[in-house]
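This briefing concerns the cavities and pockets of one protein model, and it asks which residues line them and how those linings divide by class.

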Amino acid sequence: MDGTVTTVSSNGEYSFTKPNRASITLLAGLGVEGDVHAGVTVKHRFRIAQDPTQPNLRQVHLIHDELFKELAEAGFGVGPGDLGENITTNGIDLLALPAGTVLRLGEEAEVEITGLRNPCRQIDAFQDGLLKQVVGRDDEGNIVHKAGIMSIVRTGGVVRPGDAISLELPDGPHTPLERV
């Protein structure tokens, strides 16, 4: 199950969206160079208020490009970087991967998946009704979070649109993703 990086985004200021870039540089143990969410400890404002010493398990945010197609079919105009992700992918079911999966991005960068993005009300401020599209329920009534996954940087490197993505699953048993 290999995929491709379609877009990379970063922002040095707190903002809901992140501008698309020609490339981003991942820094081991920190995140995306120059991005407001890079760091060893939490950078998300809500989490800082709770405990600023928490480890940053949200260094790099990834979303699957297929989500944008699904949202377009529901009448929403959302594109890469609009939901604040750093890396947009194609061809990998990110939400189905277990915690601890390692994604190799391009020639050298590696991230380890820590969990699901926990979408917040800012999504509805971006586009009214969008939150219900990225948080829903499956056929059994379980909550499904579709707003991407979070990761930490294991090995730094430059990531560009068009880079290949390969993955390495952790040794079993696999742990399903939870919100981080």
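In the class counts used below, Ala, Val, Leu, Ile, Met, Phe, Trp, Tyr, Cys and Pro are taken as nonpolar, Asp, Glu, Lys and Arg as charged, and the others, Gly among them, as polar. On that basis, the lining of the largest pocket comprises seven nonpolar, nine polar and seven charged residues. The model is a predicted one.

**The largest pocket**
- The largest pocket holds about 610 Å³ of space, and of the 23 residues that line this pocket, H37, H44, R58, C120 and Q122 are the closest to its centre.
- Helix α1, which spans residues 45-50, gives the most to the lining of the largest pocket, contributing three residues.

**The second largest pocket**
- About 160 Å³ of space lies in the second largest pocket, whose lining divides into nine nonpolar and three polar residues, with no charged residues.
- The lining of the second largest pocket is made up of L95, A96, L97, P98, L116, I143, V144, H145, H174, T175, P176 and L177.
- Strand β10, covering residues 143-145, gives the most to the lining of the second largest pocket, with three residues.

**The cavity**
- One cavity of 30 Å³ or more is found in the structure, and the space in the largest cavity comes to about 30 Å³.
- Around the largest cavity lie H37, V42, K43, H44, R47, N56 and R58 as lining residues, and by class they comprise one nonpolar, three polar and three charged residues.
- H37, H44 and R58 are among the residues that line the largest cavity, and they are also among those closest to the centre of the largest pocket.

How values were computed: Residues numbered from 1 in each chain as written. Predicted model: local features only at pLDDT ≥ 70, side-chain atom pairs only at ≥ 80, totals over all residues. Heavy atoms only, no water. 1 Å grid on protein atoms, 1.4 Å probe; cavity = no way out; pocket = protein on both sides within 12 Å on 5 of 7 lines; lining within 4 Å. Points joined across faces, edges and corners; volume = space filled by probe spheres on them. Helix = DSSP H or I, 4+ residues; strand = E, 2+ residues; numbered from the N terminus.
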